[in-house]
Amino acid sequence: GLWNWDLPPGTAFYFNPNQMFDFDMHIENATPDSIYSCDFYVNVYTEPATTTNVYMKTAPFINDQIVIPKDNQSHTFTLLAQDSNMTNYWNIWKLTSHTHRYGTGFNMWLRNPDGSKGAQIYDGNYSYEDGYDVGYYRWGPHVTIRTWPDDSLFPVNPWNGIIGEATWKNTAGPDTVWWGFSANDEMEVIFIMYVDGQPILPTGVNTPV
């Protein structure tokens, strides 16, 4: 299978009764002169809702204002993953990025309270699955996903958030590539999976754990 995820002990996704899912899977067709058929299966292992009250949440952050001209030049756009309405730290389990085929790089940093970049926490050229730098950004279904150990989820203050920078080079597309959902369009997305951490208190009052 493509992925097999066991959530950290004591956590779960919450599904409403009779909830329906709409899956969007990117499939590469290596034979453009013919139809490529495939199967896609998802197995979900469930337990009663009363088993836990610690729920894994997902949050996508999107920059839909990207414009990539066909000029064989690199173009970089910044995306901020931040939410000043949150009341708890994000205890991040997984962090990943998303572009389409013209993406050539995606990096992320913690955002300092003054808006500057802090420590780098994601390098799109690094394979977090295999533990080495592959030397290039793998976009789409091959993108790397950073996962923190079950017993040390990564605390981030969402009031500060994360700074992401993605880079594209339009070498074979139309005159200009815009944001869109098709394979001929582009995207800039940061995804996080997290559980609620400790409450956010005024600066200097608490340290995240």
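The dialogue below turns to surface patches, ring pairs and charges over rings.

Tutor: This is a predicted model, in which local features need pLDDT of at least 70, side-chain atom pairs count only at pLDDT 80 or more, and totals for chains, interfaces and linings use all residues. Residues are numbered from 1 along each chain as its sequence is written, and side-chain values use heavy atoms, with hydrogens and water left out.

Student: Which residues make the nonpolar surface patch of about 560 Å²?

Tutor: Patch residues have over 30% relative accessible area and no salt bridge, and nonpolar side chains (Val, Leu, Ile, Met, Phe, Trp, Tyr) are joined within 5 Å. Here the patch consists of Phe 15, Phe 21, Phe 23, Phe 40, Val 42 and Val 44.

Student: Is Phe 15 buried, partly exposed or exposed?

Tutor: Buried means under 20% relative accessible area, exposed over 50%, and partly exposed in between (1.4 Å probe, protein chains only). Phe 15 is partly exposed at 32%, Phe 21 is partly exposed at 43%, and Val 44 is partly exposed at 47%.

Student: How many aromatic pairs does the structure hold?

Tutor: Rings of Phe, Tyr and Trp (its six-membered ring) pair if their centres lie within 6.5 Å; planes under 30 degrees apart count as stacked, over 60 as edge-to-face and the rest as tilted. The structure holds 11 such pairs. Phe 15 and Phe 21 are edge-to-face, because their centres lie 5.1 Å apart with planes at 80°. Trp 148 and Phe 154 are stacked, with centres 4.9 Å apart and planes at 5°.

Student: Where does Lys 117 lie?

Tutor: A charge sits over a ring if NZ of Lys or CZ of Arg is within 6 Å of the ring centre and within 35 degrees of the ring normal. Lys 117 lies over the face of Trp 109, at 3.9 Å from the ring centre.

Conventions. Patch = residues over 30% accessible without salt bridge, like charges linked within 9 Å, V, L, I, M, F, W, Y side chains within 5 Å. Areas by Shrake-Rupley, 256 points an atom, 1.4 Å probe, with all protein chains shown as cover. Salt bridge = Lys/Arg side-chain N within 4 Å of Asp/Glu carboxyl O.
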